[in-house]
Amino acid sequence: MNKIIDLKGSILSLTVLKLYSNDIEQTKQALSDKINQAPDFFVGIPVVLEPQVDNLDPTFLALMVEFLHQKQMLPIGIRTQDETLKEHANYAGLAVFGEESQVKKRPQQQESKECAEAPSLKTALVVQNAVRSGQQVYAKDRDLIVLGSVNPGAEVIADGNVHVYGTIRGKVFAGSQGETSARIFAQKLDPELVCIAGLYQLAEDIEPAHKNGFIEVSLRNDQLNFKLLD
């Protein structure tokens with residue numbers, strides 16, 4: 001008999017939307033403002049809602065789900081320990097996720113065995129010139145090295161690390177398949193957006209002090225960490 005389905009484990013990069021207000025119109029406006037800064041980036045991304053306030057109106061989650069669909073985002077669940085919110089989530093068609101700390105890590109011995117059996121890494125993809133506006137460069141299963149700059153409107157994406165020897169002014173994605181140890185290195189950082197393993201920061205959220213000098217961006221405690229190297 002031919003195979004009908006195949007069910008495999010996978011690690012997906014999810015965007016967590018933390019909600020600090022129980023005012024639905026205020027929340028929708030704030031989200032619209034954020035999306036308008038990089039509209040293409042938010043299209044089709046899966047979203048987990050994480051309310052940080054109590055006493056949400058019973059219709060709040062349903063209205064948020066509808067609004068996210070209008071913005072072409074994909075609300076898939078909620079992360080909460082509040083039993084009332086869990087009931088609201090069921091009515092809104094959302095899955096209920098537990099705390100991140102409840103996720104079990106694989107035993108070290110198993111990780112070592114998998115590393116030993118893994119094939120050799122590919123050499124990095126090297127781009128000799130600047131990446132121009134409208135261009136997208138993707139380094140699948142390897143690092144990406146750009147010897148020039150990443151211009152506004154350009155995108156560079158790597159499953160591994162991203163090294164830019166010029167200035168990043170466009171969008172840069174490292175660890176695009178969920179590799180949380182991936183890093184971004186740049187001679188100068190003035191981007192539209194930086195992202196590692198699905199966790200991103202827009203230009204307005206990056207401190208001015210991090211936009212001068214050789215910079216390393218990494219993930220630490222579910223936050224992007226910016227470190228000057230010179």
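Visitor: Before we look at the sheet, when do two strands count as a pair?

Guide: Two strands pair if DSSP finds at least two bridges between them. In general, the strands of a sheet pair through backbone hydrogen bonds, either parallel or antiparallel. Keep in mind that the model here is a predicted one. It contains an open sheet of 4 strands, with parallel pairing and the order β1-β2-β3-β4.

Visitor: Which strands stand at the edges of this sheet?

Guide: Those are β1 (15-19) and β4 (95-97). Each has a single partner strand, so one side of each is left without a neighbour in the sheet. Direction ignored, neighbouring strands of this sheet are turned by 35° against each other on average.

Visitor: How many bridges join β1 to β2?

Guide: There are 5 bridges between β1 and β2 (residues 46-51), and the two strands run parallel. To find your place in the pairing, look for Thr15, which stands opposite Val47 in β2.

Visitor: What should I know about the protein as a whole?

Guide: The protein has 5 helices and 15 strands. Of its 230 residues, 38% count as buried. Among contacts with a separation of 6 or more, 36% are between residues 24 or more positions apart.

Visitor: Which residues make the nonpolar surface patch?

Guide: Leu14, Leu74, Ile76 and Phe97 make it, and the patch covers about 280 Å². Leu14 belongs to the segment before β1. A patch residue needs over 30% relative accessible area, and Leu14 has 31%, which makes it partly exposed.

Visitor: Now to charged pairs. How many salt bridges are there?

Guide: The idea is a side-chain nitrogen of Lys or Arg within 4 Å of a carboxyl oxygen of Asp or Glu. By this rule the count comes to 9 salt bridges. One of them joins Glu50 and Lys18, whose closest N and O atoms are 3.6 Å apart. This pair links distant parts of the chain, with Glu50 in strand β2 and Lys18 in strand β1, 32 residues apart.

Visitor: Which residue forms a salt bridge with Lys34?

Guide: Asp205 does, with the closest N and O atoms 3.0 Å apart. Asp205 lies in the loop between β13 (199-202) and β14 (215-220), and Lys34 in helix α1 (residues 24-37), so the pair ties together parts that are 171 residues apart in sequence. Asp205 is partly exposed at 35% relative accessibility, and Lys34 is partly exposed at 24%.

Visitor: Where do Asp190 and Lys211 lie?

Guide: The side chains of Asp190 and Lys211 meet in a salt bridge, at 4.0 Å from N to O. Asp190 lies in the loop between β11 (184-189) and β12 (193-196), and Lys211 in the loop between β13 and β14, so this pair ties together parts 21 residues apart in sequence. Asp190 is partly exposed, with a relative accessible area of 37%, whereas Lys211 is buried, at 18%.

Note on methods: Residues numbered from 1 in each chain as written. Predicted model: local features only at pLDDT ≥ 70, side-chain atom pairs only at ≥ 80, totals over all residues. Heavy atoms only, no water. Buried < 20%, exposed > 50% of the residue type's maximum accessible area, 1.4 Å probe, protein only. Contact = heavy atoms within 4.5 Å. Axes fitted to C-alpha atoms, helices over the stretch in contact; angles between N-to-C directions. Patch = residues over 30% accessible without salt bridge, like charges linked within 9 Å, V, L, I, M, F, W, Y side chains within 5 Å. Areas by Shrake-Rupley, 256 points an atom, 1.4 Å probe, with all protein chains shown as cover.
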